Amino acid sequence: MKSINETQDEIIDEFSGLSEWMDRYSYIIDLGNALPPLDEKFKTPEYLIEGCQSRVWITADEDNDGRINFKADSDAIIVKGIISLLISVLSGHTAQEILDSDLYFIKEVGLQEHLSPTRSNGLVAMVKQMRLYAMAFKAKDDENKN
């Protein structure tokens, strides 16, 4: 299993080969199209992310090894690609690894500066929600250890 930073470095490497922003958007759209569909039972207000212009649903579960796996969907194709990037970086890691991570790839590939302010706010909201899931799993795990 790759570390969070190894995955981020791979993403930065992928994007560095795409000098034009239209190519980068196409790549992000391809990632969104490749994201497995989210079960309809998760497309409810409970899983909806506040602060996103488009609708984004994120859910998470923890496996027996304490690794968190995220699933998500969006009704906007660019956003679906962005959440796909976040999932590829954070899924499969422990709550502590997720909480300790610095998601530098977002800045390195130029996502923040090339997204509209509302999409940029949505990106922050998605990261925040994924960290909240990690905090909740960590709290539950800490409680189970005591």
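This is a predicted model: local features need pLDDT of at least 70, side-chain atom pairs count only at pLDDT 80 or more; totals for chains, interfaces and linings use all residues.
A pair of aromatic rings is described by the distance of the centres and the angle of the planes. Four aromatic pairs are found in the structure. In one of them, Trp21 and Tyr25 lie 5.1 Å apart, centre to centre, with 55° between the planes, and the pair is tilted. Both residues belong to helix H2 (residues 21-34), where Trp21 and Tyr25 are four residues apart, about one turn of the helix, and both Trp21 and Tyr25 are buried. Another pair joins Phe42 and Tyr47, whose ring centres are 5.1 Å apart and whose planes stand at 90°, so this pair is edge-to-face. Phe42 has a relative accessibility of 18% and therefore counts as buried, and Tyr47, at 18% relative accessibility, counts as buried.

Side chains of opposite charge can pair when their charged atoms come close. The structure contains eight salt bridges. Among them is the contact of Lys2 with Glu10, at 3.0 Å from N to O; Lys2 is partly exposed at 41% relative accessibility, and Glu10 is partly exposed at 39%. A further salt bridge links Asp142 and Lys138, at 3.0 Å from N to O, and these two residues are four residues apart in helix H7 (residues 117-145), so that about one helical turn separates Asp142 from Lys138. Asp142 is partly exposed, with a relative accessible area of 30%, and Lys138 is partly exposed at 26% relative accessibility.

Key:
Residues are numbered from 1 along each chain as its sequence is written. Side-chain values use heavy atoms; hydrogens and water are left out. Rings of Phe, Tyr and Trp (its six-membered ring) pair if their centres lie within 6.5 Å; planes under 30 degrees apart count as stacked, over 60 as edge-to-face and the rest as tilted. Buried means under 20% relative accessible area, exposed over 50%, partly exposed in between (1.4 Å probe, protein chains only). A salt bridge is a side-chain nitrogen of Lys or Arg within 4 Å of a carboxyl oxygen of Asp or Glu.
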